[in-house]
Amino acid sequence: MKTRNNLVPLWRAVTVMAVVVVIVTGVTFAALQSQQAVLTGNTIETASADLRLSTDGTTYSNSLVGFDFSNVVPGGSAVPAAGYNFYLKNFGGTPLLLKFSVTGTVANPDNVDLAKVNVILNAVGSGAQAQTFTLSSLIAAASTGGLAINTPSPLMNGTQQKYALQVSMASDAFNGSSASLGNISFAFGGLATN
C-alpha cells in the first residue's frame, strides 16, 4: 500500500506536466500560424509550335503539292540544276529545331535501291553547305520525327527560310532502262526549343 501511495504524487506530477506541455504547444502553434495567402485561378499553357510551308514565300499552308523530279540521270548531276524552291516559316511562339523525313509508303515498282537515291536540301542565302540525305534514311527517320536540318537551327519564331530541293541517283541504283519512284511525301517538322 505504501508503494501505491508513493506513486500517486508521481503520477499527478507527470499528468500535470503533460497537460502543461499540450496547452503550451497548442497556444504556441495557434500564435505562430498565419492565415493562408492564396493565388487563385492560375492556368498553365504551352508555347505554340506551328511550322508551315510555301512555294512563293507569301501564302503558307500545312500541306502543298510537291515537285516532279524528272530526267534524273543515274550517276549524273542533281536535278533540277537550281533546285525547286520552297519556304519554311515558323508561325509558332517558340524557336523550332527543324526535322526532315519521308512519310507514307513510297511506290517503287522498279526496285530502285533507296539508299542510293539522294535528296539534297540547301538553305538558300544562309551561307551553309547543302545537306544530302538518302531516301532510305528519310523514310526510316519518319518514325522518330525526322533527321535534323542544320540550317538555320533553330528557326526563330516569326521568321522564314528559303530552301532549294534537288534529287540525284547513284549509277548503280537500279537495273534496267528506266525507273520511277512515286508517292513521296517530304515532311518537315519542328521541335520546340528555347
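Student: Which strand do seven bridges join to β7, and in which sense do the two run?

Tutor: This is a predicted model, where local features need pLDDT of at least 70, side-chain atom pairs count only at pLDDT 80 or more, and totals for chains, interfaces and linings use all residues. Residues are numbered from 1 along each chain as its sequence is written, and side-chain values use heavy atoms, leaving out hydrogens and water. Strands here are DSSP runs of E with at least two residues, numbered from the N terminus, while helices are H or I runs of at least four. Two strands pair if DSSP finds at least two bridges between them. Residues 117–123 and β7 share seven bridges, and the partner is β4, antiparallel.

Student: Which other strand pairs with β7 over seven bridges, and what is its sense?

Tutor: Look at residues 79–90. K89 stands opposite Q160 in β7. The strand is β2, antiparallel.

Student: How many residues of β7 are buried?

Tutor: Buried means under 20% relative accessible area; exposed is over 50%, and partly exposed lies in between, with a 1.4 Å probe and protein chains only. β7 spans residues 160–169 and is mostly covered. Of its ten residues, the buried count is eight.

Student: What share of the 194 residues in the chain is buried?

Tutor: Apply the cut-off to the whole chain of 194 residues. The buried share is 25%.

Student: Which residue in β2 does R52 stand opposite?

Tutor: β1 (residues 51–54) joins β2 through four bridges, and the two run antiparallel. R52 faces, in β2, K89.

Student: What is the order of helices and strands along the sequence?

Tutor: The chain has two helices and eight strands. Read along the sequence, the pattern is α-β-β-β-β-β-α-β-β-β.

Student: What radius of gyration does the chain have?

Tutor: The radius is taken over C-alpha atoms, and the globule rule is 2.2 Å times the number of residues to the power 0.38. For 194 residues, a compact globule would come near 16 Å. The C-alpha trace spans about 120 × 40 × 25 Å along its principal axes. The chain's radius of gyration is 35 Å.
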